[in-house]
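Here is a walk through one protein model. Keep the structure open as you read, and follow the rings, the strands and the pockets in turn.

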Amino acid sequence: MKVAFDLSGYRNRLAKEIKKQMAEEQTARLLEYAPKMLNLAYSERTFQNDTFNLADSYVWVVYYNGIPQGSGYLWNNRIATQDANFHHTEINGRSIASTFITRYVPNTKGWEVVWAATAPYSTYIESGTSSGRFYVITSIYDKIVSDFKGNAKVSKFINY
């Protein structure tokens, strides 16, 4: 008597389960990593806080296959006690960061981690003013590149 087993369904199911578990573990690592890098960027900033709205606009988001897996800010609560004024517009940093989380559209399959200082004047400070160029968030770029050792595409964007 000859007995044969068809394990193809089992292999496929096992492969899917392993891939799912690996994705969950990698996501967990990125959810731990992202706020650390945001805090590092803030600790390395070279600007002075006037209203703390820029600091309140710092945000991180981890996406997997286009779906947010987690997000956060520098602090649990808004620190600024008043809005900043930028070109005759009131700026609430925490509100802008929250809007960013809901409106940003990731452009990669797999994982995408985004760190941002979303107050509109952050780009002016980062790119340079008459007072000089200040680090807002880009100081972490080299650290992130080093941490991933070529195993990830790392991009830096300053929206002008």
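A charge sits over a ring if NZ of Lys or CZ of Arg is within 6 Å of the ring centre and within 35 degrees of the ring normal. In this predicted model, R94 meets that description: R94 lies over the face of Y73, at 3.9 Å from the ring centre. A second case involves R45. Its charged end sits over the ring of Y42, 4.0 Å from the ring centre.

Rings also meet other rings. The structure holds eight aromatic pairs. One of them joins Y33 and F148, whose planes stand at 90 degrees with the ring centres 5.5 Å apart. Planes over 60 degrees apart count as edge-to-face, so this pair is edge-to-face. The pair links distant parts of the chain, since Y33 belongs to helix 1 and F148 to helix 5, 115 residues apart. Are these two residues buried or exposed? Y33 has a relative accessible area of 15%, so Y33 is buried. F148 is partly exposed, at 22%. The cut-off between the two classes is 20%.

Another aromatic pair is F100 with Y104. Here the centres are 5.3 Å apart and the planes make 35 degrees, a tilted arrangement. Y104 is partly exposed, with a relative accessible area of 26%. Return to Y33 and F148 for a moment: together with W115 they form one aromatic cluster.

W115 is among the residues nearest the pocket's centre, along with V113, V114, S155 and F157. The pocket has a volume of about 1,300 Å³, and 37 residues line it. Which elements give two or more residues to this lining? They are helix 1, helix 3, strand 5, helix 4 and helix 5. Strand 5 gives the most, with seven residues. By class, the lining has 22 nonpolar, ten polar and five charged residues.

The second largest pocket has a volume of about 200 Å³. It is lined by 13 residues. Nearest its centre lie Q48, D50, T51, Y121 and I125. Helix 2 and strand 3 each supply at least two lining residues. The largest share, three residues, comes from strand 3. Seven of the lining residues are nonpolar, five polar and one charged.

Finish with the strands. Strand 1 (residues 58-64) and strand 2 (residues 67-73) run antiparallel, joined by six bridges. W60 has G72 in strand 2 as its bridge partner. The two strands form a hairpin with two residues between them. In the turn, N65 has a positive phi of about 50 degrees.

Note on methods: Residues are numbered from 1 along each chain as its sequence is written. This is a predicted model: local features need pLDDT of at least 70, side-chain atom pairs count only at pLDDT 80 or more; totals for chains, interfaces and linings use all residues. Side-chain values use heavy atoms; hydrogens and water are left out. On a 1 Å grid over the protein atoms alone, a cavity is a set of points where a 1.4 Å probe fits but cannot get out, and a pocket is an open set with protein on both sides within 12 Å along at least five of seven lines; lining residues have an atom within 4 Å of a point. Grid points are joined across faces, edges and corners, and a volume is the space filled by probe spheres set on the points. Helices (H or I, at least four residues) and strands (E, at least two) are DSSP runs, numbered from the N terminus. Ala, Val, Leu, Ile, Met, Phe, Trp, Tyr, Cys and Pro count as nonpolar, Asp, Glu, Lys and Arg as charged, and the others, Gly among them, as polar. Two strands pair if DSSP finds at least two bridges between them. Rings of Phe, Tyr and Trp (its six-membered ring) pair if their centres lie within 6.5 Å; planes under 30 degrees apart count as stacked, over 60 as edge-to-face and the rest as tilted. Buried means under 20% relative accessible area, exposed over 50%, partly exposed in between (1.4 Å probe, protein chains only).
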